[in-house]
Amino acid sequence: MVQIIDPLLIAALALNFVTLGTSRIRAAIHAVALQGILLGLLPLFIHPHIGLRGILLVLGTFVLKGFVVPAFLVHAMREVEIQHEVTPFINYISSLLLGALGTGMALVFAHTLPLADEHTGLLIVPASLSMVWTGFLMLTTRRKAIMQVLGYLLLENGIFLFGLLLLEAMPFLVEIGVLLDLFTLVFVMGIIIHHISREFSSMSTDHLSELKE
Amino acid sequence: MLLFLLAIATLLLGGGAAYLYRSSAKAATWVGAGTAVLGSVFGLVSAFQALAHGGTDGLRLAWSIPLGSFYIEIDPLTAFFMVPLFVLAPLAALYGGNYLYAYKEKKSLGPPWFLYNLLIAAIAMVFVARNGILFLMAWEIMALSAYFLVCFEHEKESVRKAGWAYLVASHIAFALLIVAFVLLGRGAGTLDFDQFPNAFSSRSIGWATGNTIWILAIIGFGLKAGFVPLHVWLPEAHPAAPSHVSAVMSGILIKTGLYGLLRLLTFDRTPAPWVGLTLAGLGLLTAFLGIAMALQQRDIKRVLAYSSIENMGLIAFSMGLGLWGMAQRLPEVALLGMTGALLHIWNHALMKGLLFLSAGSILHGTGTKDMERLGGLLRLMPFTGSTMILGSVALAALPPLNGFVSKWLMYMSLMKYSMATETAGSLMAHFGVGLLALIGGLSVVTFVRLTGIVLLGAPRDKTVTHVHESSKWMTGPMQLLALLCLVIAVIPQRTAGLFGGVLQQMIGWEGMHSSPEWEWPSASLEIAGAINAWTLLAVLTLAAVLWVRTRRFVGPQASTWGCGYVRPTVRMQYTGRSFVEMIAEHLLPRFLRPRTRREAPRGLFPAGKADFESQSPDPVDQKVYAPFFCYWADRFSRLRILQQGKVHVYLLYIMFTVVLALAWASIRTWFWGVS
């Protein structure tokens with residue numbers, strides 16, 4: 001199965017860089033959606049005999065990560081009429097370099113992490129670490145709330161991928177993880193975007209610092 | 001068990017429905033209060049069945065939460081605690097329906113009803129839970145729903161502060177209980193309660209672990225129960241909540257702490273002797289400090305909250321005495337002490353519920369709970385006033401009411417102990433009798449002051465106008481509670497007869513139940529009941545005679561506390577403060593006395609202004625917690641640099657932490673190999 005999993009993961013990793021390198025929000029949304037679709041398919045290949053519960057899980061992730069969340073984001077983007085992230089805290093070239101550095105570090109770290117034996121050879125662990133790293137990069141360096149939501153989704157994807165290792169041992173935890181996705185969706189959309197656009201008539205989280213004590 | 005599940009389902013569904021109907025105050029009130037009453041009736045029936053027939057009834061379902069199982073059971077101890085819950089909760093709900101309705105313009109009534117029903121269901125779940133996870137979940141839901149109820153009037157800053165204090169205290173307790181359950185679970189290999197007794201008896205929970213668990217439980221559950229010095233949240237939170245919630249909190253919620261201790265006792269049937277002594281000592285300290293502070297408060301509900309602390313102290317003392325009796329193999333002492341504690345739990349639920357409802361009725365009718373502004377309310381609010389007097393007599397532990405009976409059992413237990421032992425123990429017991437009597441005396445003064453200042457005399461503040469008696473929905477539940485108090489007072493032996501199963505769970509050692517000394521303390525109870533009955537008869541006769549005589553006699557009317565002055569004014573009355581001046585300023589130990597600041601008038605013809613101010617801050621809060629927290633708050637204020645108010649920076653902190661943790665994990669394996 002490794003010959004299918006690894007190409008999928010590499011494609012997902014490449015999408016990380018697309019998200020990091022683009023300033024067009026629509027492109028970033030599409031990249032994250034595609035990554036979500038790839039990840040949603042993964043459980044089928046990792047655990048060939050997953051049963052009905054697993055199939056439902058795959059279906060849920062696939063629809064949620066690949067279609068529902070991106071549709072929401074596109075809708076939000078139209079609503080607030082923002083197309084570009086113009087001035088991130090760190091420019092695109094540097095972001096890409098940092099992302100590459102993080103992915104490299106993830107590959108190095110993953111080999112020395114204290115993991116179960118059957119997990120050490122896989123690309124899953126470094127890929128998930130790299131996704132978490134990219135997610136954090138997006139979260140900390142982008143000004144627009146929508147870009148931050150995308151960063152959060154990348155982070156989520158990383159966590160989901162890591163959780164897949166536990167799918168057989170603790171399916172419950174993975175399912176809770178999917179629920180978390182749904183929850184953050186509602187949360188992020190409802191609170192951040194709605195409030196920011198209404199109270200400050202802009203979509204930048206910079207203005208949240210006005211709430212500082 | 002089916003009835004109990006039905007009760008929980010009714011409460012939860014009703015609460016949810018009340019929330020959905022939140023746009024209409026009327027619908028939310030009817031649905032919320034109605035289902036609270038209905039659910040409580042189901043619960044009460046199931047509790048009484050279990051209590052009267054003995055035996056246990058359990059239900060165990062698998063649960064996908066790690067280490068958790070949905071394991072509930074109704075045994076005598078559970079049923080014993082469910083009875084006061086399901087008696088007080090519906091009455092408080094009926095009352096609350098009317099009480100909260102006054103807020104309908106300002107607030108939505110859906111959420112408070114949802115939370116009220118949730119709170120009742122959560123307390124019931126705490127009592128029936130037989131799995132550590134389930135217990136802790138119910139415990140947390142209980143604490144949180146109570147927190148939101150306390151914060152009902154969150155627009156007031158004092159209420160927000162009170163809620164905060166309660167939340168912090170609850171979570172400290174919660175943290176300690178988690179540790180206690182982890183220790184229990186590690187010893188027993190599971191978190192199901194039915195394995196814990198084996199773990200204790202087979203020594204897989206050893207001496208040290210057992211004692212650690214007891215220490216954690218006494219602090220953790222003691223925080224909930226308001227033991228001194230862990231009580232400071234209680235006099236803040238209870239007065240801040242709406243009155244029917246205060247009644248449930250003081251009547252039942254804080255008793256979950258006692259329930260926890262008693263439940264632990266069913267796991268560890270032979271705790272170390274220090275447990276009993278500690279509880280007894282802590283109880284006396286709590287009772288004394290509680291009543292000494294209650295004496296000085298001017299907010300009616302604060303008086304009651306401090307009085308709750310006193311009563312929790314008395315119950316803890318009695319429990320401790322029972323445990324000490326067990327440790328010393330003195331069946332009579334153990335039985336009297338435990339029965340006294342159990343009876344006082346029921347009594348206190350009823351009478352404190354009654355008094356909080358009365359206080360709420362006064363607040364509802366006058367708009368204030370400051371006793372220095374009230375006065376002469378007995379005339380204006382006859383129903384509230386009369387039930388309040390009954391409740392006060394009960395709380396002052398005077399015959400002919402129920403508080404007297406449980407206090408009597410405590411005295412009897414102490415006396416039996418002093419007779420059974422020699423020298424030091426006997427001396428301590430006599431000392432304890434003295435202290436108990438002192439506490440009793442102070443509580444009499446407290447409640448004479450409360451009723452005397454609020455109900456008698458003349459109104460002290462002209463601005464308190466439009467005083468009106470509350471509706472039947474509010475006075476009815478109060479009268480019912482007063483009636484229940486009287487019933488327990490007159491037939492205490494019948495009431496305590498229901499406790500047989502609980503006492504067997506609590507007390508016992510090898511061969512004890514066959515020993516001739518294992519005998520119900522019925523004699524003591526009957527004497528107390530007889531004293532109550534005769535006193536009641538005497539009071540009723542006296543009242544009848546007075547009523548007949550005064551009806552014929554019409555004399556001149558003069559104001560109360562008039563002292564024969566020609567032109568008395570209301571300012572000549574005793575104030576709440578002056579009433580206890582001697583006791584508060586001269587009798588109490590110095591650290592409990594009120595802080596006063598006076599500027600006396602000077603000269604024969606004083607011209608300058610004179611001034612007097614008096615405050616009664618909580619000594620523990622003032623001397624211990626405030627300096628401690630101020631010190632650390634000051635130190636920690638330097639960390640403000642970290643608070644940049646930018647989401648990005650906060651996320652950066654998280655990122656650094658994650659990267660560092662990962663790096664540490666992998667570098668460790670790098671250097672030291674796979675661990």
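What percentage of the 213 residues of chain A count as buried? The share is 37%, where a buried residue has 20 or more other C-beta atoms within 10 Å of its own, an exposed one 12 or fewer, and a partly exposed one a number in between, with C-beta atoms placed from the backbone. This is a predicted model, in which local features need pLDDT of at least 70 and side-chain atom pairs count only at pLDDT 80 or more, while totals for chains, interfaces and linings use all residues. Residues are numbered from 1 along each chain as its sequence is written, and chains are lettered from A and ligands numbered from 1 in the order in which they are written.

Chain A has 7 helices and 0 strands, both being DSSP runs numbered from the N terminus (H or I, at least four residues, for helices; E, at least two, for strands). Its mean pLDDT, the predictor's confidence in each residue from 0 to 100, is 78, and 74% of the residues score at least 70. Where pLDDT is low, the predicted coordinates should not be read in detail.

Chain B contains 26 helices and 4 strands. Its radius of gyration, 27 Å, is close to the 26 Å that the globule rule gives for 675 residues, so chain B is as compact as a globular protein of that length; the radius is taken over C-alpha atoms, and the rule is 2.2 Å times the number of residues to the power 0.38. Of the 675 residues of chain B, 49% count as buried.

Beyond its neighbours within four places in sequence, L88(B) is in contact (C-beta atoms, placed from the backbone, within 7 Å) with A247(B), V248(B), G251(B), I252(B), A349(B) and G353(B).

Helix α18 (residues 423-455) of chain B has 33 residues and should span 48 Å at 1.5 Å a residue, which agrees with the 48 Å between its end C-alpha atoms; the expected span is 1.5 Å times one less than the number of residues. Just after α18(B), G457(B) takes a positive phi of about 75°.

Notes: Contact = placed C-beta atoms within 7 Å.
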